[in-house]
Amino acid sequence: MNDLQTGGCQCGAIRYQFEGPVPVAYACHCGECKKQSASAFSMSLPMQYARLQVEGSASYFVSTAFSGRTKYNYFCGDCGTRLWHSGSNPPEAITLKVGTLDDPSGISPMGHLWVSKKQPGIELDPASDQHLTQPDDPAAWRSNLESGI
């Protein structure tokens with residue numbers, strides 16, 4: 001998938017776009033991701049924040065990830081849509097939420113984290129890279145998904 005991608009929050013107060021190849025997506029089945037997506041899992045695209053052209057101003061709150069690291073959770077202050085996460089503020093490397101894209105139809109996860117917490121009835125592609133929890137270095141794992149290792 002290549003070209004211009006657009007997306008934003010539910011109410012339209014925040015819109016974004018990026019060009020070029022769409023990063024390889026992954027799904028997380030942990031309890032936190034289920035809560036933030038209000039679904040069985042959350043799908044993300046790891047990328048550099050600098051790739052996004054953002055209209056509007058995202059709010060954020062700070063939480064502690066399972067790794068113990070600080071995580072900044074960016075969302076629309078008007079409608080509450082979660083947009084991306086980052087380990088820094090201002091954001092640098094982010095995980096953009098696939099559900100915020102206007103057309104996510106060509107995106108499927110190549111890897112899965114926290115499969116031990118997977119919702120019953122969700123079937124995973126056996127060819128995908130799966131971890132019962134998460135790799136020791138999630139950033140390296142995401143890079144390896146991108147390069148096909």
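β7 and β8 make a hairpin with 6 residues between them, and in its turn G80 has a positive phi of about 85 degrees. Please keep in mind as you look around that this is a predicted model.

Let's begin with how these strands are held side by side. β7 and β8 run antiparallel and are joined by 4 bridges. Moving on, β8 also runs antiparallel to strand β9 (residues 93–97), with 3 bridges joining the two. β8 and β9 form a hairpin as well, with 6 residues between them.

| Residue | Opposite residue | Strand of the opposite residue |
|---|---|---|
| Y72 | S86 | β8 |
| N73 | H85 | β8 |
| W84 | L96 | β9 |

Where does this set of strands sit in the sheet order? The order is β6-β7-β8-β9-β4-β3-β10-β11, in an open sheet of 8 strands with mixed pairing. The edges are taken by β6 (59–64) and β11 (129–130); each has a single partner strand, so one side of each is left without a neighbour in the sheet.

Is strand β8 largely enclosed or largely open? Strand β8 (residues 82–86) is largely enclosed by the rest of the structure, because 5 of its 5 residues are buried. As a general point, side chains in a regular strand alternate between the two faces of the sheet.

Now for a closer look at one residue of β7. K71 is found in this strand, which covers residues 70–75. Is K71 buried or exposed? The relative accessibility of K71 is 14%, and the cut-off for buried is under 20%, so K71 counts as buried. Which side chain does the K71 side chain meet in a polar contact? The partner is the side chain of E32, at 2.9 Å. Setting aside neighbours within four places in sequence, K71 is in contact with E32, F61, V62, S63, A65, H85 and S86.

Finally, a stop at a helix. A139 lies in helix α2, which spans residues 138–147. With 43% relative accessibility, A139 counts as partly exposed. How far apart are A139 and L83 in space? From C-alpha to C-alpha they are 19 Å apart, while in sequence A139 and L83 are separated by 56 residues.

Key. Residues numbered from 1 in each chain as written. Predicted model: local features only at pLDDT ≥ 70, side-chain atom pairs only at ≥ 80, totals over all residues. Heavy atoms only, no water. Buried < 20%, exposed > 50% of the residue type's maximum accessible area, 1.4 Å probe, protein only. Polar contact = N/O pair within 3.5 Å; in protein donor to acceptor, adjacent residues only side chain to side chain. Contact = heavy atoms within 4.5 Å. Pairing = 2+ DSSP bridges.
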